[in-house]
Amino acid sequence: VWLPELGLAGSSMLLFSFTMNVCLQLIFGFIAVVSLTVDSLPSVSSARNWRLAAAHSHILADESTWTSLVSRVCGGDASLVTSTQQATIIEEIRDYQTNSRGSVLCCAVLFVWA
């Protein structure tokens, strides 16, 4: 790095670029391992079947408020007896969006390719 031909500015820029490269690769790797290695999402057909068969069923609606099951799942109703797997999936998606992992990954990608 500290070659006389490069000069102080060139060597500093080279060191800075190398350091940023290592940091961004560590960020990408960490987020990939923590967030993207577990496949907990159901298939599209499974989600569609749940939505068509159970989510809007009047039988599974809350009789006290006449709220559909899908509204309760998406609203984060803690008193759900059924469809807790769907509620967990919604919770994981919201956690990914709000727990800064998604935004950090997005900003890192934009920084690298912008």
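These are my notebook entries on a few residues in a predicted model.

**Ground rules.** I number residues from 1 along each chain as its sequence is written. In this predicted model I take local features only at pLDDT of at least 70 and side-chain atom pairs only at pLDDT 80 or more, while totals for chains, interfaces and linings use all residues, and side-chain values use heavy atoms, with hydrogens and water left out.

**Entry: the start of the chain.** I looked up Trp 2. Trp 2 sits in the segment before α1 (7-35). I count helices as DSSP runs of H or I with at least four residues, and strands as E runs of at least two, numbered from the N terminus. Trp 2 is exposed, at 54% relative accessible area. My cut-offs are under 20% for buried, over 50% for exposed, and partly exposed in between (1.4 Å probe, protein chains only). Trp 2, Leu 8 and Leu 15 make a nonpolar surface patch of about 360 Å². A patch takes residues with over 30% relative accessible area and no salt bridge; it joins nonpolar side chains (Val, Leu, Ile, Met, Phe, Trp, Tyr) within 5 Å and like charges within 9 Å. Areas come from the Shrake-Rupley method with a 1.4 Å probe, and for residues only the protein chains shown count as cover.

Entry: Cys 23 is in no disulfide, and its nearest cysteine sulfur, on Cys 107, is 16 Å away. Cys 23 is partly exposed, at 36% relative accessible area.

**Entry: the loop between α2 and α3.** I began with His 56, which lies in this loop. His 56 is partly exposed, at 47%. Its side chain makes a polar contact with the side chain of Arg 51 at 3.4 Å. A polar contact is a pair of N or O atoms within 3.5 Å; within protein, one must be able to donate a hydrogen and the other to accept it, and residues adjacent in sequence count only if both atoms are side-chain atoms. Leaving aside neighbours within four places in sequence, His 56 is in contact (heavy atoms within 4.5 Å) with Arg 51 and Val 70. The C-alpha atoms of His 56 and Thr 67 are 9.5 Å apart, with the two residues 11 apart along the chain.

Ser 57 is in the loop too. Is Ser 57 buried or exposed? Ser 57 counts as buried, at 17% relative accessibility. The side chain of Ser 57 reaches the backbone nitrogen of Ile 59 at 3.2 Å.

Ser 68 belongs to the loop between α2 (44-55) and α3 (69-74). Its side chain makes a polar contact with that of Ser 71 at 3.1 Å. Ser 68 also touches Ala 55 and Ala 61, not counting residues up to four places away in sequence.

**Entry: positive phi.** Most residues other than glycine have a negative phi. Trp 66 has a positive phi of about 55°. Trp 66 is in the loop between α2 and α3, and counts as exposed at 66%. Ser 83 has a positive phi of about 60°. Ser 83 is in the loop between α3 and α4 (84-98), and counts as buried at 14%.

**Entry: salt bridges.** I found one salt bridge in the structure, meaning a side-chain nitrogen of Lys or Arg within 4 Å of a carboxyl oxygen of Asp or Glu. Which side chains meet in it? Those of Asp 77 and Arg 72 do, at 2.8 Å, N to O. Asp 77 is partly exposed, at 27%, whereas Arg 72 is buried, at 12%.

Terms used: Disulfide = S-S within 2.5 Å.
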